[in-house]
Amino acid sequence: MQEQFDAEGRLRHLISLEHFDDERLTALLDKATGYLRPAGELPAHESRFAGRTVANLFFEPSTRTRASFELAAKRLGLHVLNLDVRMSSRSKGESILDTVYTLEAMGSDIFVLRDSEPGVPAFIASHVEPHVSVLSAGEADVSHPTQGLLDTLTIRQHKQDIANCVVTLIGDISHSRVARSVCQALAILGARQVRLVAPPAFMPGEDAYPHAERFSEIEPALRDADVVMALRIQRERMSQASIPDTGEYFKQYGLTAERLALARPDAIVMHPGPMNRGVEIASEVADGPQSVIRRQVCNGVAVRMAVMATVLETLHP
Ligand code: CP
């Protein structure tokens with residue numbers, strides 16, 4: 001993988017949380033916290049980076065990641081270029097690398113990249129100019145590092161000590177880049193226990209998530225959990241025949257109020273979005289008092305500000 005850190009150990013690209021350590025992860029979370037204002041308001045504006053340009057290249061759909069990168073960039077005073085990939089010259093056969101070279105020649109400083117093919121962010125990062133940074137906004141089923149950061153920040157805001165936390169992830173783990181990134185972050189920060197609960201078809205292989213406890217039934221996985229995260233069925237990454245009946249799925253794996261009552265009374269409920277209500281989560285849970293789902297979204301802006309500010313400080317010390 002393309003080195004994410006420069007020779008001085010500063011963040012240059014963000015491809016994955018895999019090679020982070022506690023100090024680097026905590027520094028990003030602290031920086032994001034610094035951008036947050038009290039009472040859940042969005043961060044204030046700053047002008048240090050005025051005039052720099054971020055190019056959003058989303059070759060897969062997105063609502064919150066794309067919008068929050070754009071809002072975060074604007075709050076940092078950056079110009080934002082949102083490439084409409086359907087109307088771009090990619091449809092005329094231009095490669096993604098030539099697309100990047102073209103926008104680089106126009107002065108882009110940061111590329112925010114989402115793609116369904118594994119390896120694309122690292123490949124692009126290995127080809128851009130030394131003064132340009134690549135940030136993954138979701139790589140196939142491999143990695144979603146800014147989501148992992150914002151999820152961890154949200155847990156840190158609600159739980160005094162991540163090292164004491166039991167975190168339960170429910171659903172389509174095997175196709176989820178969110179699960180991978182948040183579990184990497186939780187491992188780095190030393191979470192007490194990570195539990196995975198999924199039907200056999202959605203449970204990842206034994207080599208993935210080596211430290212997690214695996215459950216086939218939801219109830220024992222929820223017992224005394226501090227954090228409960230429901231995950232969407234990633235239909236776009238499976239054949240039609242592999243998609244389960246959603247009614248039956250909800251009966252077996254849906255996060256209902258009755259099931260949530262098995263977790264600790266102060267457990268928080270998370271979901272990276274987009275949600276499929278009545279499939280992986282009941283509306284009364286998604287909108288209930290334990291839900292921090294909208295807080296996750298708000299934190300996403302601060303985390304993406306922190307990541308972009310950090311790489312700009314690396315590129316232009
Ligand atoms: N969590 C997440 O990646 O959502 P979007 O697909 O809407 O960006």
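The exercises below work through the fold of one predicted protein model, each with a solution in steps.

Residues are numbered from 1 along each chain as its sequence is written. In this predicted model, local features need pLDDT of at least 70, side-chain atom pairs count only at pLDDT 80 or more, and totals for chains, interfaces and linings use all residues, while side-chain values use heavy atoms, with hydrogens and water left out.

**Exercise 1. Describe the protein chain as a whole, and explain why its radius of gyration agrees with a compact globule.**

Step 1. Begin with the secondary structure: the protein chain has 11 helices and nine strands, where helices (H or I, at least four residues) and strands (E, at least two) are DSSP runs numbered from the N terminus.

Step 2. Turn to the dimensions, for which the C-alpha atoms fill a box of roughly 55 × 45 × 35 Å along the principal axes. The radius of gyration is taken over C-alpha atoms, and the globule rule is 2.2 Å times the number of residues to the power 0.38.

Step 3. Among contacts (heavy atoms within 4.5 Å) between residues at least 6 apart in sequence, 75% join residues at least 24 apart.

**Exercise 2. Find which residues of helix 1 are buried, and work out where they lie around the axis.**

Step 1. Helix 1 covers residues 22-35, and its 14 residues reach 20 Å from the first C-alpha to the last, close to the 20 Å expected at 1.5 Å a residue; the expected span is 1.5 Å times one less than the number of residues.

Step 2. The buried residues of helix 1 are Leu-25, Leu-28, Leu-29, Ala-32 and Tyr-35. Because they cover an arc of only 115° around the axis, they are on the same side of helix 1, the arc being that of the directions from the helix axis to the C-beta atoms.

Step 3. As for their partners, these buried residues pack against helix 5 (145-158), helix 6 (177-188) and helix 11 (293-315).

**Exercise 3. Classify the aromatic pair formed by Tyr-249 and Tyr-253.**

Step 1. A pair of aromatic rings is described by the distance of the centres and the angle of the planes. Rings of Phe, Tyr and Trp (its six-membered ring) pair if their centres lie within 6.5 Å, and planes under 30 degrees apart count as stacked, over 60 as edge-to-face and the rest as tilted.

Step 2. The structure holds three aromatic pairs. One of them joins Tyr-249 and Tyr-253, at 5.6 Å centre to centre with 35° between the planes, and is therefore tilted.

Step 3. Both residues lie in helix 8 (residues 246-253), four residues apart, which is about one turn of the helix. Tyr-249 is buried at a relative accessible area of 4%, and Tyr-253 is buried at 7%. Ring pairs also link Phe-202 with Tyr-249 and Tyr-253 into a cluster.

**Exercise 4. Locate the cis peptide bond and describe the surroundings of Met-275.**

Step 1. The peptide bond from Gly-273 to Pro-274 is cis, with omega near -10°, and Pro-274 is in the loop between strand 9 (268-270) and helix 10 (283-286).

Step 2. Met-275 is placed in the loop between strand 9 and helix 10, and is partly exposed, with a relative accessible area of 27%.

Step 3. Not counting residues up to four places away in sequence, Met-275 touches Glu-280, Ile-281, Ala-286 and Ile-293. The C-alpha atoms of Met-275 and Ile-293, 18 residues apart along the chain, are separated by 9.9 Å.

How values were computed
Buried means under 20% relative accessible area, exposed over 50%, partly exposed in between (1.4 Å probe, protein chains only).
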